[in-house]
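Look over the sequence and the structure before reading on.

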Number of protein chains: 2
Amino acid sequence: MTGKDTPKDVRSRNRGQTETAILEGAKALLSEEGFQALGVNAVARRAGCDKQLIYRYFGGLDGLVEAIGGDLASWLQDGVPPVAQPATYAELMECMALAFLDALRANPLVQKIAAWELSEPSPLVVKLAEARAGSLARWIGAIRGDLLPPANVDAPAINAVVIAAIQHLVLSGATTGMFAGVALREEADWDRVRKVIARMVRSAYA
Amino acid sequence: MTGKDTPKDVRSRNRGQTETAILEGAKALLSEEGFQALGVNAVARRAGCDKQLIYRYFGGLDGLVEAIGGDLASWLQDGVPPVAQPATYAELMECMALAFLDALRANPLVQKIAAWELSEPSPLVVKLAEARAGSLARWIGAIRGDLLPPANVDAPAINAVVIAAIQHLVLSGATTGMFAGVALREEADWDRVRKVIARMVRSAYA
DNA sequence: GAACTTAATCACCACCCGGTGACAAAATGA
DNA sequence: TCATTTTGTCACCGGGTGGTGATTAAGTTC
């Protein structure tokens, strides 16, 4: 312990470390304040460093957002427990819809990104949209297995409608706590939604 | 024609006129550029007057947004043709859902306001949300007539899910032109969505 | 025509934003 | 020990924003 003691000071002056500090700061800021607050100055303040480093290490906000998109690739695989493989495609999609609802509800970062996509069609955010869509598609493909949808229904469209409804209800619940007169705050409210969605998915594939 | 000719000059220097110019300018700006661009300076530029007048006549942006909300009260009644009264509640809701889809798709102003609600829970925008929700509730109440939903289903929740799906698909279509791998650009794409939604509403109330 | 009210404009403020260049300090290598 | 590269900080610029007097110009009334 002659020269290289106090290892916690080593943490400073470390590029990789500040890179992750910036990235995590940006993700936290986006989660908590929304995309409106995602600026160079705000991220730098949050990460506790100078904004110049954002330009140096990420090439500006664009690159930083792209990095966030990269982290987003597997947000579904992690949180969702391995579902017991159901017998029919209808059961599978019902269970998938409910899992998606809980996963999205527990992930404010993805919520804010989804809201961002609906508000700003800038090319910057299109990258994020593609990342999220790809993650969703991969997730569905992974748990689908060899089950096939009934031949006489438009399964992709049905799934899009179901996912759209879930996404919108979760976003509305997070902001206003209501939608179309239905409360979306307590867990009982969400049980109500779960019941209806399960019923609709089942009957749509019947 | 001694003194009061050139009546087009009279249009200037008229308070009511510039009030509506400001209000219409704000609505147009919101429709075309989104809520991010809705600032005092931008509205004044658009309306062709000084921003001071916004503070004088509306008490700032808040009052102006409130005025927009007031204009929003009857956006559904106007655009929707009087529906031929159907026989069952399921038929009624199916027809209402499709009418809502077209009405929202044709109204970029309401689209932008809906996106605003999902991105910013500020009290300013809550007023707008309430105005929109009230308009929706009144519209449904007006065309419901004496039809009652089946007793064994949670009709409000089902309707909320349907409206949420429609709203989200319309917003996604307007910005990214896709959702969950399903294209939302051509009219054929929307026919696909219409078919699926009609089918799901019908089966949900069966 | 003069006094007064109202509509509209202008000039200005502090503040925050994104972005950049110059500079200090720590590590690295000879 | 000295030179070089890397990491980090600071100061500054132009420009846009929300917000507020002070001022000018057009109607209105007597």
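By what turn and what shift along the axis can chain A be laid on chain B? A turn of 180° and a shift of 0.0 Å along the axis do it, with an RMSD of 0.1 Å. That makes the relation one of a two-fold axis. The model is predicted.

**Symmetry**
- A:Ala165 is the residue of chain A that comes closest to the rotation axis. Its C-alpha lies at 1.9 Å.
- Of the interface residues of chain A, 100% are also interface residues in chain B, so the copies meet through the same surface.

**Where chain A touches chain B**
- The contact involves 43 residues of chain A and 43 residues of chain B.
- On the chain A side, the elements giving two or more residues are α8 (108-119), α9 (123-144), α10 (155-175) and α11 (187-204).
- α10(A) supplies the largest share of that side, 15 residues.
- By class, the chain A side holds 27 nonpolar, 11 polar and 5 charged residues.

**Around DNA strand C**
- DNA strand C is surrounded by 19 residues. The closest are A:Gly39, B:Arg15, B:Cys49, B:Asp50 and B:Gln52.
- From chain A, α3 (40-47) and α4 (52-58) each give two or more residues to the surface near DNA strand C.
- The surface near DNA strand C has 6 nonpolar, 8 polar and 5 charged residues.

Note on methods: Residues numbered from 1 in each chain as written. Chains lettered and ligands numbered in written order. Predicted model: local features only at pLDDT ≥ 70, side-chain atom pairs only at ≥ 80, totals over all residues. Contact = placed C-beta atoms within 7 Å. Helix = DSSP H or I, 4+ residues; strand = E, 2+ residues; numbered from the N terminus. Nonpolar A, V, L, I, M, F, W, Y, C, P; charged D, E, K, R; others polar. Near = placed C-beta within 6 Å. Least-squares fit on C-alpha atoms with pLDDT ≥ 70 in both.
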